Amino acid sequence: MIVQKFGGTSVKSVARIRNVAGIVASAARHDSVVVVVSAMGDTTDYLVKLAGQTSKTPARRELDALLATGEQISVALVAMALNDRGVKAVSMTGAQLGIITESVHTAARIVDIDTARILRRTEEGLVVVAAGFQGATPAGDITTLGRGGSDTTAVALAAALRASICDIFTDVYGVYTADPNLIPTARLLKEISYEEMLEMARVGAQVLHPRAVELARKHRLPVRVRNTFDPQHEGTILKGADQMEISRPVSGVTVARDQARLAILKVPDRPGVAAEVFGALAQQHIGVDMIIQAFHQDQSVNDITFTIKRSDLDTARPLLEQVAARIGAKGILADPDVAKLSIVGAGLMDQPDIAARMFAALGEAAINIKMISTSEIRISCAIAEGDADHAVRVIHDLFHLDEPQNG
Ligand code: ADP
Ligand code: ASP
Ligand code: MG
């Protein structure tokens, strides 16, 4: 059993759907295949826009009902194209696939997959064409998994079906040292560890959805990223860090755009205040990152600064103003112009000069650093969004990521 996933650009037109059917047909000659597909081209963006034009505050349940239609179109068409080639195929929606999610609209996590219906069909010799990005709550409401979530559907199905591999077909050759559409000299990585890929996906490498990588790591499932337009090419394989031959100091540089920065000023220094601040945001499902608590000359107060997605700012700001008043903080500051530049590498912490070199190169390029955060294998800087493209170029050059000897 193998799972093959095709993203939006791979099924953008009827001609491309036929191309996909060709790739699936040759795999189906020797394997049982489950195909996961995204909506055609920019369909999901179009549906989001349509909702916004209809209502300023569309109900999240209805947004999910709307967005899920994109994938329903492409699964039906792919199944038709396969049947035309003489490959028996059947399309299925998230609910038909048995994908049960939590009851959180627009960013639901998969809690369980009942594979009985899929297996019945594959045992009959059919290719199952699965709608990515969607599931259903136990009560039967349609949910979606968050933008880019078809990757997660593919990996979750591969894990549940104990597939030998999950191939993610997209519009580039695999995972590169930077977005190849931004940095033409970016180099294709033959392999990358789950850990590095997870960090890269979380901080802006759109090529894989972070939850897909998380699931792959948990199940130690081999995932390959490959090019739809050159399906024989090996692409990039994700594997455990212990299976890697090399541990590069820097594997890649990424940028996450559309971020914002919020600060709560002079928060009284007592136990429980941070929980109150971040608890309120969590309740509204607002994800936070780069949390920094800085101490003040006046030791009875701290400033707490963090980043969120810019689209969450309108919800977060009034919420935080209320919390600030409640806990006796001085007020809040909001900065909507933020992008997050990151470098990721398993061997990064072995070389303490890397952070210093990164900051120095940004300084020389007159790029101001607004915030810094690190993990064991990542260094991130918040910068102005207008500096993002330039910054990626500067850092890619600094670490000579275009050169093969760097991994
Ligand atoms: P799909 O529709 O197939 O899911 P996506 O647009 O979600 O495709 O992801 C593929 C895109 O990810 C590429 O076209 C590329 O511009 C972008 N990308 C960003 N960072 C990277 C990276 N480090 N390596 C490869 N692609 C990247
Ligand atoms: N169609 C959805 C999106 O555009 C899911 C995906 O493509 O992975 O976000
Ligand atoms: Mg994608």
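Predicted model: local features only at pLDDT ≥ 70, side-chain atom pairs only at ≥ 80, totals over all residues.
Residues are numbered from 1 along each chain as its sequence is written, chains are lettered from A and ligands numbered from 1 in the order in which they are written, and side-chain values use heavy atoms, with hydrogens and water left out.

Staying with ligand 1, there are 18 residues around it, and T170, D171, D179, N181 and Q206 come nearest; a residue counts as near when one of its heavy atoms lies within 4 Å of the molecule or strand in question. As for polar contacts, by which I mean pairs of N or O atoms within 3.5 Å (within protein, one must be able to donate a hydrogen and the other to accept it, and residues adjacent in sequence count only if both atoms are side-chain atoms), the side chain of D179 has an N or O atom 2.7 Å from an oxygen atom of ligand 1. A polar side-chain atom of N181 likewise lies 2.7 Å from an oxygen atom of the ligand, and for Q206 the corresponding distance is 2.9 Å. On its own, ligand 1 has 580 Å² of accessible area, of which the protein covers 87%; these areas come from the Shrake-Rupley method with a 1.4 Å probe, and for residues only the protein chains shown count as cover.

Turning to ligand 2, the residues around it are S38, A39, T44, E71, F133, R147, G148, G149 and S150, and by class they comprise 2 nonpolar, 5 polar and 2 charged residues. The side chain of S38 places an N or O atom 3.1 Å from an oxygen atom of ligand 2, R147 brings a polar side-chain atom to 2.7 Å from a ligand oxygen, and S150 contributes a backbone N or O atom at 3.0 Å from an oxygen atom of ligand 2. Taken alone, ligand 2 exposes 260 Å², and the protein buries 87% of that.

Finally, the helices, which are DSSP runs (H or I, at least four residues) numbered from the N terminus. Helix 7, residues 194-202, packs against helix 8, residues 210-219, at an angle of about 165°, with their axes 8 Å apart; axes are lines fitted to C-alpha atoms over the stretch in contact, and angles run from 0 to 180 degrees between N-to-C directions. These two helices are therefore roughly antiparallel to each other, a label for angles over 145 degrees.

Conventions: Parallel < 35°, antiparallel > 145°, perpendicular 65-115°, else oblique. Nonpolar A, V, L, I, M, F, W, Y, C, P; charged D, E, K, R; others polar.
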